[in-house]
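Subject: Structure handover

Hello,

Here is the structure you are taking over. Please look through it once, then read the notes below.

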Amino acid sequence: MSETFTADWLGLREPVDHRSRANDLLDVLGTWWETAGGSRIADLGSGTGSNLRYLAPRLSGVQEWTLVDHDAALLARAEPVGRVTKLERVVGNLAREGLEVARRADLVTGSALLDLVSETWLTRLADTCWSTRCGMLFALNFDGLIEWSDSDPDDRLVQDAVNSHQRRDKWLGPALGPTAGEVAERSFRAVGYRTWRMQTPWRLGAGDAALAQSLVDGWTRAAEEECPAEAGRIRTWAERRQHTVLEGAFVLIVGHVDLLALPGDAASQ
Ligand SMILES: C[S@@+](CC[C@H](N)C(=O)[O-])C[C@H]1O[C@@H](n2cnc3c(N)ncnc32)[C@H](O)[C@@H]1O
């Protein structure tokens, strides 16, 4: 049921996350942020602060960030950047402390999070955000796409197993997995938000070999857990794919979506 994230893994993905994010959404967010005149930002499931490092230098004005994560060791690595005048680290669960912090924020944000959460929690988050009409930006939600430039007969087996594994309980109830972007957009629209959703896939190549190798390892473990009867096939798939990565002539697309939601009345510019 649980899943832990190491600082090494988060560090490996951070540069790829940052280059993949939807800059177009930031233009819309930036205009609203300046008009709304807020300062308090809640970063949910912050890990070591990757989202803070990306977003803080790109938002105007004084910023007071509160980072929430249940992993105290990850949280301890986060440091203020850019215009951040105050940084609070809250060790806690998204279902309790996360929603409390969200209730006091002008902008609620997160990265690489929504595929881990349940629809129940997401609905509560949408209600919480709407109660204060705060803004919301959740980046890099996995959307289920895993596409290699050359196809392998067992890519589909592994992709389906990984996507099914993604729907397991990851602390907050059955996880949304690849449906996260769609469900989040629907939930925020249902309470009254205007939304913007953009595809933000990782495009990995030879320069991202360490991340690609780590992905293959992670997918192999997940697929074996999901389809133990196919463990042999999955392991030989992994050997072939690690070879693909070592050879260096590959493109691997891993699908993500970014979602921005702003209160309807304020976002009609
Ligand atoms: C995939 S990581 C993303 C971390 C960071 N946002 C980033 O982009 O590098 C998901 C984070 O959510 C945290 N997390 C997951 N479920 C949580 C929960 N129920 N309560 C608090 N934190 C949670 C994990 O500890 C982890 O740091």
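A residue is called near a molecule or strand if its C-beta atom, placed from the backbone, lies within 6 Å of it. By that rule, 21 residues surround the ligand, and the closest are G45, G47, S50, H70 and S111.

Two points on reading the model. It is predicted, so local features need pLDDT of at least 70 and side-chain atom pairs count only at pLDDT 80 or more, while totals for chains, interfaces and linings use all residues. Numbering starts from 1 along each chain as its sequence is written.

The ligand shell comprises 9 nonpolar, 9 polar and 3 charged residues. Here Ala, Val, Leu, Ile, Met, Phe, Trp, Tyr, Cys and Pro count as nonpolar, Asp, Glu, Lys and Arg as charged, and the others, Gly among them, as polar. At least two shell residues come from each of α1 (7-20), α3 (50-55) and β4 (107-111). Helices (H or I, at least four residues) and strands (E, at least two) are DSSP runs, numbered from the N terminus.

The chain has 10 helices and 8 strands. Its radius of gyration (over C-alpha atoms) is 19 Å, close to the 18 Å that the globule rule (2.2 Å times the number of residues to the power 0.38) gives for 269 residues, so the chain is as compact as a globular protein of that length.

Of the 269 residues, 40% are buried. Buried means that 20 or more other C-beta atoms, placed from the backbone, lie within 10 Å of the residue's own; 12 or fewer is exposed, and in between is partly exposed.

A nonpolar core is a set of buried Ala, Val, Leu, Ile, Met, Phe, Trp, Tyr and Cys residues joined through C-beta atoms within 7 Å. The largest one holds 48 residues, of which A42, A102, A105, V108, V117, M136 and F138 touch the most other members. A second, separate core of 17 residues includes V162, L204, A212 and A223.

V162 also belongs to helix α7 (residues 155-165), where V158, A161, N163 and H165 are buried along with it. The cover over these buried residues includes β5 (135-148), α9 (209-226) and α10 (231-247).

Last, E119 is found in helix α6 (residues 119-132). E119 counts as partly exposed because it has 18 C-beta neighbours inside 10 Å. Leaving aside neighbours within four places in sequence, E119 is in contact (C-beta atoms, placed from the backbone, within 7 Å) with L176 and V183.

Regards

Conventions
Two residues are in contact if their C-beta atoms, placed from the backbone, lie within 7 Å.
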